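Please work through the exercises below with the structure in view. Each task is followed by a solution in steps.

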There are 2 protein chains.
Amino acid sequence: MEYNFSRSMSNLKPSAIREIFKSLTDPSIISFSAGNPSVESFPVKEIGEISKEIFDSPTLSAQALQYSITEGYSPLITQVKNRLKNKFNIGNDFDDLIITSGGQQGIDLTCKILCNENDTIICEKPSFIGSLNAFRSYGVNLYGVELRDDGMDIEMLENALKTKNNVKLIYTISTFQNPTGITTSLEKRKQIYSLAKKYNVLILEDNPYGELRFSGEDIPTLKSLDTEGIVIYSGSFSKILSAGMRVGFLCAPKPIISKVVVAKQTNDVHTNIFFQMICSEFIKRYNLDDHIANIRKLYGRKCKIMLDSLESTVDNRIKFTRPEGGIFFWCSLPEGYDSAEFAKVCINNKVAIVPGTAFLTEIGQSEPGFRLNYSMPTDDEIVKGIT
Amino acid sequence: MEYNFSRSMSNLKPSAIREIFKSLTDPSIISFSAGNPSVESFPVKEIGEISKEIFDSPTLSAQALQYSITEGYSPLITQVKNRLKNKFNIGNDFDDLIITSGGQQGIDLTCKILCNENDTIICEKPSFIGSLNAFRSYGVNLYGVELRDDGMDIEMLENALKTKNNVKLIYTISTFQNPTGITTSLEKRKQIYSLAKKYNVLILEDNPYGELRFSGEDIPTLKSLDTEGIVIYSGSFSKILSAGMRVGFLCAPKPIISKVVVAKQTNDVHTNIFFQMICSEFIKRYNLDDHIANIRKLYGRKCKIMLDSLESTVDNRIKFTRPEGGIFFWCSLPEGYDSAEFAKVCINNKVAIVPGTAFLTEIGQSEPGFRLNYSMPTDDEIVKGIT
């Protein structure tokens with residue numbers, strides 16, 4: 001039997017990162033390639049306690065193991081809405097919120113409900129491969145706008161909005177961007193918002209790292225500037241409680257959320273309810289902000305170790321960012337060098353990095369940048385790996 | 001701001017069943033409308049014990065809460081493969097298996113990787129609304145082949161294969177079908193397989209209820225007859241361990257599974273790893289077959305209670321099936337009556353049923369059939385509700 005795949009899926013290849021991730025099972029390799037949180041960031045004891053109480057209770061266990069509604073566990077929805085509103089000024093009267101199976105599902109379904117084949121999504125260049133591939137999986141054309149130190153090149157963005165056909169979405173990871181770690185400045189956020197409004201295009205703001213700031217000042221999210229219902233905001237518990245449990249959320253204007261609910265019904269019915277209950281109970285009983293403060297301290301320390309190692313060992317023709325948060329460094333080889341080749345040299349030396357080529361909207365281009373992760377490796381591994 | 005949705009999503013409405021399910025929170029209503037397993041079928045004590053061990057172990061808890069690979073937890077993949085092979089003769093050398101976020105995700109992604117907009121999927125008429133809506137969400141045309149007492153009308157099926165454009169898939173719930181409870185005979189399974197082969201079309205066999213037989217003899221699955229790599233088989237732990245945990249699987253030829261892996265990466269990265277570990281440990285430590293035998297006994301008893309109630313109370317112009325397994329009765333009103341109207345009368349009398357109109361490939365048709373579920377209500381509720 002010969003198998004013919006749909007147009008949009010037939011050219012999509014497995015993500016380079018996920019493939020690298022599979023090689024992580026080799027314990028002799030020091031990995032700077034994952035986007036994983038540190039296992040030290042998981043509140044294991046607290047989750048274990050809540051879990052025990054759920055399974056010890058006939059009512060709670062029945063609820064945790066039975067089908068549930070697509071929208072999500074309603075106490076958690078209320079808690080997330082309140083936290084977004086009180087802490088980040090996110091959420092207007094016209095907005096609603098749905099719990100998703102990780103941030104990834106919210107991004108996937110946003111594209112699905114908005115885009116037809118051959119529509120265009122404008123992305124940062126480089127950008128997160130998981131999102132780019134989700135968009136590609138619906139046959140959408142990607143257009144990458146160059147990232148400057150303070151966010152997208154605004155002229156290039158406006159030009160794309162003017163000239164590209166059927167632009168449906170501007171996709172931005174506004175804070176501690178993946179892979180570059182760049183944070184878009186407040187001024188540029190306002191410009192991006194104005195342009196979206198002017199050209200009648202929605203913004204998908206993906207913010208999985210926003211709470212992981214360990215130096216500098218917080219910058220308001222694009223969603224907090226949203227007075228017209230232009231911004232769809234994707235958040236996640238992956239980097240603040242646990243990645244494996246697959247719990248994220250999407251906050252957006254009500255008509256958008258209603259349509260995402262319909263798409264999610266047919267996608268996975270609902271997100272596993274047990275971990276929604278765990279998140280909800282954790283927020284109720286413990287101080288989530290204190291927990292996140294500890295993660296920030298941890299990542300600040302790990303970032304410093306990697307920065308010190310980079311500064312003391314690396315050839316000064318290699319440039320690197322100085323992150324104020326998040327979990328990634330972005331490094332650039334000198335002009336003319338290719339990061340894909342460099343990644344091969346590294347893996348032969350038992351160090352895994354992710355070449356920047358993986359994050360481009362066009363496939364096959366050369367790229368001098370590469371990504372280093374400092375949240376997952378141990379302190380010793382960071383020093384040894386950089387050396 | 002005005003929101004324009006993608007062509008395929010703009011006409012898709014929330015599932016009638018999920019909407020009815022939301023009304024289940026009213027405790028004064030007796031519900032025969034859900035597709036939920038009985039809470040008595042969940043092995044709460046055993047899951048609680050395994051859960052405690054996971055959270056008590058630094059290694060296991062780190063694994064349960066961290067990102068994992070898209071394909072699934074490898075011990076579970078091996079266990080499911082072995083069980084399918086040894087117990088149901090499912091799985092050839094050319095096949096592989098992926099863990100999905102419930103059976104629903106496997107069905108959704110199968111459609112996504114195979115179908116372009118305006119391709120055709122042939123379904124049973126009536127069929128499971130969750131699958132029909134998943135197919136619709138990709139802009140696929142549905143063609144419903146009438147169900148007889150022993151499965152699809154074969155003449156109508158061949159005619160559709162001959163005349164419909166771009167048929168990519170025959171979708172069948174071969175055993176204890178949802179909503180009718182009908183089991184396709186072995187002869188018809190062979191005929192469907194031959195026709196798929198003749199017309200070069202794949203079969204998606206959805207089998208979430210197959211293990212729930214409480215009388216009569218097992219019939220080999222279509223997948224067990226698959227010598228050419230024609231059948232994609234979707235299974236689930238929802239009805240044998242827990243629905244809320246969202247763990248299912250897809251067994252299909254390797255090129256299909258590889259492509260589903262790519263689609264799943266961009267959809268939810270991976271299924272929550274904790275419950276994959278729970279399933280795996282449950283199978284390792286306890287006897288899954290014994291556990292399922294208890295569920296069969298439970299549903300056999302509940303089915304008998306509903307059957308007795310139907311026989312002793314219901315007007316003999318209403319016809320109903322005599323299930324040998326699964327969780328549904330299918331009832332038919334006399335010619336000329338509409339089940340949607342009847343459902344409204346029922347809900348006014350505090351009983352929820354699902355009208356057959358919800359399960360049709362064409363929207364807006366009248367349908368005398370309706371579905372009753374006996375796995376979720378208590379014994380007393382069954383008697384009271386039917387009366």
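The exercises concern one residue and the contact between two chains.

The model is predicted: local features need pLDDT of at least 70, side-chain atom pairs count only at pLDDT 80 or more, and totals for chains, interfaces and linings use all residues. Residues are numbered from 1 along each chain as its sequence is written, chains are lettered from A and ligands numbered from 1 in the order in which they are written, and side-chain values use heavy atoms, with hydrogens and water left out.

**Exercise 1.** Determine where Asp289(A) lies and which residues it touches.

*Solution.*
Step 1. Asp289(A) belongs to helix 12 of chain A, residues 288–313; helices are DSSP runs (H or I) of at least four residues, numbered from the N terminus.
Step 2. Asp289(A) has a relative accessible area of 34%. Buried means under 20%, exposed over 50%, and partly exposed in between (1.4 Å probe, protein chains only), so Asp289(A) is partly exposed.
Step 3. Leaving aside residues up to four places away in sequence, Asp289(A) touches Arg83(A) and Lys87(A); contact means heavy atoms within 4.5 Å.

**Exercise 2.** Describe the interface of chain A and chain B.

*Solution.*
Step 1. In contact are 81 residues of chain A and 81 residues of chain B.
Step 2. The count of salt bridges between chain A and chain B is two; such a bridge has a side-chain nitrogen of Lys or Arg within 4 Å of a carboxyl oxygen of Asp or Glu.
Step 3. One salt bridge joins the side chains of Asp108(A) and Lys112(B), at 3.9 Å from N to O.
Step 4. Helix 10 of chain A gives the most to the side of chain A that touches chain B, with nine residues.

Note on methods
Helices (H or I, at least four residues) and strands (E, at least two) are DSSP runs, numbered from the N terminus.
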